Amino acid sequence: MKEYQSLSHTRWDCKYHVVFIPKRSKSRIFWALWKCLGDIIHDLASCKESKIVGGYLISGHVQICISIPPKYAISNVEGYLKCKRAI
């Protein structure tokens, strides 16, 4: 049986495939920092009680599979990841 996560009144297993393209993905700075980008995204996701299930960096864009609790909107978590990552 699949292991579901639970909140006080719900049991859930929600995973989303998110793709985003950084503004400066062609620059040398982006490629110099891409190795630490995974650690940064994992840390930011844990702040929103989310978990990165998988993901990878392809030339020019980032693809991640993320598990988000139902109490957070997908757009809020994605916006948080993109905004804080840019800082």
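Start with the aromatic rings: a search of the whole structure, which is a predicted model, finds zero aromatic pairs. One ring still deserves a stop. Select Tyr80 together with Lys48, and you will see the charged end of Lys48 over the Tyr80 ring, 5.0 Å from the ring's centre.

Next, colour the strands β3, β4 and β5. These three make up an open, antiparallel sheet, in the order β3-β5-β4. Its edge strands are β3 and β4, each of which pairs on one side only. Direction ignored, neighbouring strands here are turned by 15° against each other on average. As you look along the sheet, keep in mind that strands pair through backbone hydrogen bonds, either parallel or antiparallel.

Now select residues 61-67, strand β5. Is this strand mostly covered or mostly open? It is mostly covered, with five of its seven residues buried. While you have it on screen, recall that side chains in a regular strand alternate between the two faces of the sheet.

Six bridges join β3 to β5, and the two run antiparallel. For a landmark, pick Tyr16, which stands opposite Ile66 of β5.

Then move to β4, residues 51-58. This strand pairs with β5 over seven bridges, again in the antiparallel sense.

Finish at the turn. The hairpin of β4 and β5 has two residues between its strands, and Gly60 there takes a positive phi near 100°.

Definitions and conventions
Residues numbered from 1 in each chain as written. Predicted model: local features only at pLDDT ≥ 70, side-chain atom pairs only at ≥ 80, totals over all residues. Heavy atoms only, no water. Buried < 20%, exposed > 50% of the residue type's maximum accessible area, 1.4 Å probe, protein only. Helix = DSSP H or I, 4+ residues; strand = E, 2+ residues; numbered from the N terminus. Pairing = 2+ DSSP bridges. Phe/Tyr/Trp six-rings, centres within 6.5 Å; stacked < 30°, edge-to-face > 60°. Lys NZ or Arg CZ within 6 Å of the ring centre and 35° of its normal. Axes fitted to C-alpha atoms, helices over the stretch in contact; angles between N-to-C directions.
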